[in-house]
Structure formats: structure tokens, C-alpha cells
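Take a look at the chain shown here.

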Amino acid sequence: MKNAILVFAVLLLACAPSAVAAPDKPAPPARPAEACRPSGKVVFEIDHRVDPGAKLPTSAVQVFATGGWLREETDADGKPIPPHTGCLAKADAKQLETTLAGAPWKVSKAQIHCMAMSAQFTVYQVDGKPVFTDRLCSGESLDEKSRAKLDAAIKLVEQAQKAAP
């Protein structure tokens, strides 16, 4: 009986590595940390802000030319929440810059607009310059080309954040 258990244990150990399923796709190579550090020139920024005195959470996401991104948040009491960082894939970082290039960033103001108010608003910045402030019932809107580029950039950044650990 001891011999049967010993043989079974040896067979189990010998076969163990083959029992682990190989992944369907190899993992993509990680970008070196120094190549994707969230520092330097800010290419795109999404700032979720609030009016002074409003007890609401805020957040800001900055995407750097390196492809690194940084998300900083505060809770409703203004206390900082630990920041999150990550890296856009090299192709996505290039796509972001290409997407934002050439937008006219023309803002038009409607003559008639709603009068609802919200203490929350979002400021979008490209290359460190504010290009559009999205506020409920402001009556301001972006030209069609810029809106399409902004929406594509937002989507790319949101997907990168969701994919981050």
C-alpha cells in the first residue's frame, strides 16, 4: 500500500506542470516604469470640479506625453483619496495625441438655454490649456469636429483607467 501511495505521489508531481493550462495569448510586454512615468508634459486633462463651498467629490485625470496617467480624487469633505496611476499602451498614447490634434475648439453659446444649476462641472484641457468647460445648462457647446475628438479622447482615457489594476 505504501508503494502505491509513493508511486501515485511521484506521478502526481511529475504531471503537475502539465496540468496547468497555458494561456491562450501571451501577456503583452509591460512598458518599463521609467518610460511611462506620469510626469512631464500633460497632453490631456479631465477635471471634475465643484463650485466653492459645495460638499461634493472631485477628481482630475492627467495623461502625460510619456503615456503615463495620474488620477487624483477628493471625497465630499475635501479629503484626498490615494491617487491611481497607470500607463496607456504606446499606440494608445500616440492615438490620443493624434486624436486631439487639429481640433478647432470653437465654443458657441446658445441664445436660449435652460436655467437649471449644478455645483459640478468638468473642465477639459489639452496641452495645459482649457479648451471646454462642460456645465449643466450653460448653453455652451463645442463644434462638431472638436466634440467628436473630445469624446474619442475621453473614451480612450476611461478605458485605460478601467483596465488598470
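Strands are DSSP runs of E of at least two residues, numbered from the N terminus. The model is a predicted one. Strand β2 covers residues 58-64, and Ser59 is found in it.

Is Ser59 buried or exposed? Its relative accessible area is 8%. Buried means under 20%, so Ser59 is buried.

Which side chain does the side chain of Ser59 meet in a polar contact? The partner is the side chain of Arg71, at 3.4 Å.

Now the cysteines. How many disulfides does a search of the whole structure find? The search returns 2. Count the bonded cysteines along the chain, and the pattern reads 1-2, 3-4.

Take Cys36 and Cys87. A disulfide joins them, with an S to S distance of 2.1 Å. The angle about the S-S bond is -135°, and the link is left-handed. This pair links distant parts of the chain, 51 residues apart. Cys36 sits in the loop between α1 (2-19) and β1 (42-50). Cys87 belongs to strand β4, residues 80-87.

How accessible are these two ends? Cys36 has a relative accessible area of 3%, so Cys36 is buried. Cys87 has 39%.

Cys114 lies in the loop between β5 (107-109) and β6 (120-126). Cys137 lies in the loop between β7 (129-135) and β8 (140-142). The pair therefore ties together parts that are 23 residues apart in sequence.

What about burial at this link? Cys114 is partly exposed, because its relative accessible area is 37%. Cys137 comes out at 18% relative accessibility. The limit for buried is under 20%, so Cys137 counts as buried.

Methods: Residues are numbered from 1 along each chain as its sequence is written. This is a predicted model: local features need pLDDT of at least 70, side-chain atom pairs count only at pLDDT 80 or more; totals for chains, interfaces and linings use all residues. Side-chain values use heavy atoms; hydrogens and water are left out. A disulfide is a pair of cysteine sulfur atoms within 2.5 Å. Helices (H or I, at least four residues) and strands (E, at least two) are DSSP runs, numbered from the N terminus. Buried means under 20% relative accessible area, exposed over 50%, partly exposed in between (1.4 Å probe, protein chains only). A polar contact is a pair of N or O atoms within 3.5 Å; within protein, one must be able to donate a hydrogen and the other to accept it, and residues adjacent in sequence count only if both atoms are side-chain atoms.
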